[in-house]
Amino acid sequence: MPRPLWTGAISFGLVTIPIKVVSATENHSISFHQYHREDMGRIRTRKVCELDGEVLSQDEIGKGYEVAKDRTVPVTDEELDRMPLPTAKAIEIVAFVEADSIDPVRISDSYYLAVDGQVAAKPYALLRKALERSDKVAVAKFAWHNRERLGLLRVREDALVLHSMRWPDEIRSPESLAPRETELDEDEIERAVQLTDSMALDGISGFRDRYREALEELLAAKSEGKALPAAPEEAEEPGKVMDLMAALNASVKAAKETRGEDATVHEMTPGKPRTRKKAAPAAKKTAAKKTAARKTAAKKQPARKTAAKKRTAS
C-alpha cells in the first residue's frame, strides 16, 4: 500500500471510522530537467531570501500572510493545527445525494480510504453497504493542506473513495462561452446521433496515453543514436469551413470500419429524405433504445400497421 497522506476518521452520524488516506492515482508523465545548452549543466531552483541573498533550506522557511504592503503576519503549522475546526482530523459526512446530481467539473483529486486497525472494519463495511444499497454518494467536509474542503465519498470495488471537490463559488459560469443561436438541420442531428451509436463502448479501460508512448520512443531513439520516429501527417487546419454533413458521413463510415462493422453509409444531405439502417450488432442494444425514443424512428413493421388498422376498425 502507498504511504498514507493523512490519517483521521470518517464521521458518520455518531459512528466513527478510523481511516488512512492514500492516493488513488499515479502520475506516469515523463518529466524533464532544465539544463544549460552550452555545457549541459543542470539548472536547479533555489529559494533565496530577498533581504540577505542567502539560499534557504526547507526547515528555515515559514508561512506568512501579507495583510498590507510591507506588512506580513507569520503563521506557524502549530497555530493552524490548533484552529477550532471540527473537520481538522475527521471527514465529516454532512449529506447523502444522488450521484448524477454532482457536476463532474467540481471533482478534483481522488483518494482511497483504508481502514486504520481492526476496530474500523465493521463500521467501514457498514458505510460501504449503506452507500451501495441506497445508490447514493456521501457529501463530506474535511480540512487538509490549510483549508477546509468539500468531498464526495463513493464505493469503488469494495473500497471507499474520497474525491475532493471545489466549492460552488469556485466554479466559473460558462454562460459567456456558449455559441450564438445556430440553426441545425434535422438530418445533421440524426447523423450525429448515429455517430454516437457507432462509437459507443461499454467502458474506457482500453485507452492508453499515446503521447507518453511516443515520447518514450523518441527518448529511446535519441539515447541509442537511432533515427527519430517519423512525424504523423498534419491534420486539417482548425477553423477551416467544412461540409458538416460530409464530415459526419465520413466519421460514421470510419467508426464502423474501426469496429469491423459494415461500413456502408447512406449519404444524407439536408433537405433530402432520410434512410435509416438497422443498427450493427455491436451497437444494436444502444441504438434500439434511442431509436424508440425518437419521433423520427425507423419505419414500422407491416405487422404493426395491420394491427393498428384492426384497432381502428373495431
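**Entry: the model.** I'm reminding myself that this is a predicted model.

**Entry: strands 1 and 2.** I looked up how strand 1 (residues 6–12) sits against strand 2 (residues 15–23), and the two pair in the antiparallel sense over seven bridges. I then checked what stands opposite F12, and found V15 in strand 2. The two strands form a hairpin with two residues between them. In that turn I noted G13, with a positive phi of about 65°.

**Entry: strand 2 again.** Which way do strand 2 and strand 6 run? Strand 6 covers residues 107–115, and the pair runs antiparallel, joined by five bridges. I picked out K20 here, which stands opposite A114 in strand 6.

**Entry: a nonpolar patch.** Next I went to the surface, where Y65, V67 and V73 form a nonpolar patch. Together they have about 280 Å² of accessible area. I traced V67 to strand 3, residues 63–68.

**Entry: a negative patch.** I also found a negative surface patch, formed by D52, E54, D59 and E60. I looked up where D59 lies, and that is the loop between strand 2 and strand 3. D59 counts as exposed because its relative accessibility is 70%, and the cut-off for exposed is over 50%.

Note on methods:
Residues numbered from 1 in each chain as written. Predicted model: local features only at pLDDT ≥ 70, side-chain atom pairs only at ≥ 80, totals over all residues. Heavy atoms only, no water. Patch = residues over 30% accessible without salt bridge, like charges linked within 9 Å, V, L, I, M, F, W, Y side chains within 5 Å. Areas by Shrake-Rupley, 256 points an atom, 1.4 Å probe, with all protein chains shown as cover. Salt bridge = Lys/Arg side-chain N within 4 Å of Asp/Glu carboxyl O. Helix = DSSP H or I, 4+ residues; strand = E, 2+ residues; numbered from the N terminus. Pairing = 2+ DSSP bridges. Lys, Arg positive; Asp, Glu negative; His and termini not counted. Charge placed at Lys NZ, Arg CZ, Asp CG, Glu CD. Buried < 20%, exposed > 50% of the residue type's maximum accessible area, 1.4 Å probe, protein only.
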